[in-house]
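Hello,

Here is the structure we talked about. Please look through it first, then read the notes below.

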Amino acid sequence: MHTATITLYPRLPRRRTRLARLGDWMARHRRAILAVQWVIVLFYLVLVALPAFLPHPHPEARLFSSDFGAASAIDRTLCTTGVQTPTDKAAYLACWQDRLVLLAQYLFWGVWWPFVILSIMLMGRVWCGVLCPEGALTEFASRHGRGGAIPRWMRWGGWPVVAFILTTVYGQLVSVYDYPQAALLILGGSTVAAVAVGWLYGKGKRVWCRFLCPVSGVFALLARIAPIHFKVDRAAWDEHPLRTTAVDCAPLLDVKHLKGGAQCHACGRCSGHRDAVVLAARSPNAEILGAGGDTPRTGDAVLLLFGMLGVAMGAFLWTVSPWFVRGKQAAAEWLVARDIFWPLADSPAWWLLTSHPEAGDVFSWLDGAAILVWIAASALLLGGLCWLAVRAAARLAGIDWRRLALGLVPLAGIGLFLGLSMMSVTHLRAEGLPLGWLPGLRGILLGVGLLWSAWLGGQLITVGAGSLCVPGIPLRGQATAARMLAGLIWLLPLGAVGGTWILAFYVW
Ligand code: SF4
């Protein structure tokens with residue numbers, strides 16, 4: 001069990017804000033946080049593992065409705081009326097198994113993931129530092145493991161992009177949202193890898209989270225717009241009169257030089273350290289507009305443009321797009337007309353392509369190929385358009401294109417929330433809940449994302465700051481006409497992404 005290594009010194013400012021005191025509380029109460037983490041680990045393991053070993057729910061099974069169907073249709077009222085005979089008992093058990101599987105699906109994909117995304121935009125990476133079960137397990141393994149040095153290949157900055165794209169695409173091929181076996185394979189596989197990496201490398205650190213976690217890159221981007229962060233006062237740090245023990249920062253950050261919230265897991269362990277670290281409020285635009293925060297790398301911008309706005313949108317939308325269905329039908333007709341039938345054969349294994357005959361859901365090779373083509377086309381068209389527009393606008397405005405790309409973080413983050421909440425909506429609709437409010441709420445969220453990103457881009461292009469300039473190209477020197485043209489070009493990615501969501505929610 002880990003013990004806190006941070007000491008709080010008496011030189012803390014007399015008036016601490018509530019937020020600062022909350023950060024200090026986190027530093028002092030590591031045991032309470034660890035207890036919460038282990039409860040979540042248990043909950044997560046049950047949610048991921050148990051449903052994979054239960055039968056697929058009956059098509060009419062419902063989670064909340066009292067008239068849900070049983071896995072055995074002997075008597076649909078059994079779930080509410082109770083057990084009568086041994087045969088009834090089996091049906092009764094099947095009812096509750098169905099409910100358990102549905103509950104796990106609903107909690108995992110309908111509640112857990114969309115609200116993790118939202119929490120990171122609102123509170124920074126508190127999820128990573130305080131609640132994530134995978135992070136807790138990898139750190140625990142690292143405390144008791146081999147403690148090896150981190151290999152060079154693991155530090156490659158492209159892993160978050162590659163891992164995010166691969167898990168997103170593979171998740172679609174095996175229908176990860178619908179089948180607990182697929183969820184166990186992907187999420188359980190990721191957890192096993194996290195524990196193995198923790199056991200092999202680092203001494204009590206989260207090497208997996210820092211370098212390999214498939215969502216760490218996305219979370220780092222979203223945390224840039226969080227209105228709270230752990231702020232380091234460099235002057236106070238340097239002036240501190242006492243020698244202090246090093247901060248036990250699990251994601252291996254150099255706390256003294258910490259800038260912004262992108263990489264910080266907001267675990268609170270460093271709060272109050274050398275009277276210089278404090279949990280503080282800030283403008284959610286501060287990090288994007290260049291007042292603090294890590295300089296964005298090419299990998300960050302590529303993940304944002306091609307991953308979050310390309311691959312992820314393709315993955316969300318193929319299930320609702322009539323274009324996808326028409327394209328696949330046309331391809332099937334083309335194949336049949338030429339007597340080519342093997343692409344229409346069923347998937348040989350559920351872990352390769354979705355294959356659940358008990359649920360009447362079996363992909364053919366053509367289905368798999370169509371999903372791959374759709375997602376690749378989304379990445380190239382949407383991501384490529386955003387990339388070209390950002391590059392052109394940044395060049396005209398004389399700013400770093402990676403910095404300008406960050407202006408799209410609010411739109412991409414809200415898009416992820418909207419896309420993931422499509423699963424929540426599917427579950428609520430199946431339960432028969434009235435959803436008349438949904439189009440309005442989606443419209444408001446989309447509007448917020450579009451306006452926020454439009455404003456950020458406008459600020460970066462027209463106001464900027466000295467630190468944002470490309471070396472040798474002073475921002476102030478750009479002609480007004482060039483910046484106006486850059487502003488117009490900035491509207492292209494907003495229009496493309498916003499238009500795609502409008503198609504998905506209001507037209508298709
Ligand atoms: S800098 Fe490190 S120790 Fe401090 S809150 Fe962030 S993750 Fe935790």
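**What was found**

Residues 24 or more positions apart make up 80% of the protein's contacts with a separation of 6 or more, a contact being heavy atoms within 4.5 Å. This is a predicted model, in which local features need pLDDT of at least 70 and side-chain atom pairs count only at pLDDT 80 or more, while totals for chains, interfaces and linings use all residues. Residues are numbered from 1 along each chain as its sequence is written, and side-chain values use heavy atoms, with hydrogens and water left out.

Of the 508 residues, 54% are buried (under 20% relative accessible area, with a 1.4 Å probe and protein chains only).

The largest nonpolar core has 92 residues. Such a core is a set of buried Ala, Val, Leu, Ile, Met, Phe, Trp, Tyr and Cys residues joined through side-chain atoms within 4.5 Å. At least three of its residues come from each of domain 1 (1–48 + 103–294) and domain 2 (313–507), with bounds from an automatic or database domain assignment. Phe 316 and Trp 501 have the most contacts inside this core. Leaving out residues up to four places away in sequence, Phe 316 touches Trp 501 and also, among others, Tyr 177 and Met 423.

Helix H10 (residues 216–223) has 8 of its 8 residues buried, so it is largely enclosed by the rest of the structure. Helices here are DSSP runs of H or I, at least four residues long, numbered from the N terminus. Among the buried residues of H10 are Phe 219 and Leu 222.

Regards

Definitions and conventions: Buried < 20%, exposed > 50% of the residue type's maximum accessible area, 1.4 Å probe, protein only. Helix = DSSP H or I, 4+ residues; strand = E, 2+ residues; numbered from the N terminus.
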